Amino acid sequence: MKIVVLVLISYFSFFYPKSEVPEVKIWRIASDSVIEIAGSTNISSFRCESNAYQGGDVLKETYFPDRHFSEWSGEIILKTVNFDCFNAIMTKDFRETLQMGQHPTISVRFLNLIKESENINQENLRGEVEITLAGVSKIYPISCVFLAKNGGKALLAGERKLTFTDFEIDPPVKLLGTIKVRDSIEVNFALVLEEHI
């Protein structure tokens, strides 16, 4: 009887291997991270940067050792009032365009980022990002670069082009139509990450 039991255990162990146990690492997003929205008008270009981000949002890295890859997820929440376009009129227009009164935050949520390739101290990640502007959320494919540093710190950087009209926003027109903001904009981020132990 014992021999039969041992044979059965060996059979099921061979065809049904032990479930993979993932390793989870939490990264806190530091306050010196940079997030900006860049665009242009028919006259010049502009960029609006989140200058007063308080930090504290987290990204989760789930590592699957049997398959040798990591999956990333997490969200960063930004206050629209903290975006500065380095021009008082442009800053006011930017906040009005994003309907700050009704929608005081902008969010960037990373979905299922996985390693596409790597070299020394750098991983190229690919996945999706959900961006919410003026209360409207859209999902886009995205590529990011993850740079590991010493001392439990790292940098996650990337960019994504989108349009105002994706979010049901009309690009602003000023001075009786002489200044027109182009529909295309770009979200750029360089997130300073600190490993949470």
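T62 is buried in this predicted model, with a relative accessible area of 11%, where buried denotes under 20% relative accessible area, exposed over 50% and partly exposed the range in between, as calculated with a 1.4 Å probe on protein chains only. The model is a prediction, in which local features need pLDDT of at least 70 and side-chain atom pairs count only at pLDDT 80 or more, whereas totals for chains, interfaces and linings use all residues. Residues are numbered from 1 along each chain as its sequence is written, and side-chain values use heavy atoms, with hydrogens and water left out. The residue T62 belongs to strand β4, which spans residues 58–64; helices (H or I, at least four residues) and strands (E, at least two) are taken as DSSP runs and numbered from the N terminus. When neighbours within four places in sequence are set aside, T62 is in contact with P22, E23, V24, F69, S70 and E71, contact being defined by heavy atoms within 4.5 Å.

The structure holds one disulfide, a term applied here to a pair of cysteine sulfur atoms within 2.5 Å. This disulfide is formed by C48 and C85, whose sulfur atoms are 1.9 Å apart. C48 is located in strand β3 (residues 45–50) and C85 in the loop between β6 (83–84) and α2 (88–97), so the pair ties together parts that are 37 residues apart in sequence. The torsion about the S-S bond of C48 and C85 is about 100°, and the disulfide is therefore right-handed. C48 counts as buried because its relative accessibility is 0%, and C85 is likewise buried, at a relative accessible area of 6%. Another cysteine, C144, is also buried, with a relative accessible area of 2%.

Grid points are joined across faces, edges and corners, and a volume is the space filled by probe spheres set on the points. By class, the lining of the largest pocket comprises ten nonpolar, four polar and two charged residues, where Ala, Val, Leu, Ile, Met, Phe, Trp, Tyr, Cys and Pro count as nonpolar, Asp, Glu, Lys and Arg as charged, and the others, Gly among them, as polar.

Two cavities of 30 Å³ or more were counted. The largest cavity has a volume of about 40 Å³ and is lined by I35, I76, L78, V108, F110, V187, F189 and L191, a set of eight nonpolar residues with no polar and no charged ones. Strands β5 (69–79), β7 (105–119) and β13 (184–196) each contribute at least two residues to this lining, and the largest share, three residues, comes from β13. The second largest cavity holds about 30 Å³, and its lining consists of I35, I37, L78, I106, V108, I131 and V187. Strands β2 (34–40) and β7 each supply at least two residues of the lining of the second largest cavity, which contains seven nonpolar, no polar and no charged residues.

Notes
On a 1 Å grid over the protein atoms alone, a cavity is a set of points where a 1.4 Å probe fits but cannot get out, and a pocket is an open set with protein on both sides within 12 Å along at least five of seven lines; lining residues have an atom within 4 Å of a point.
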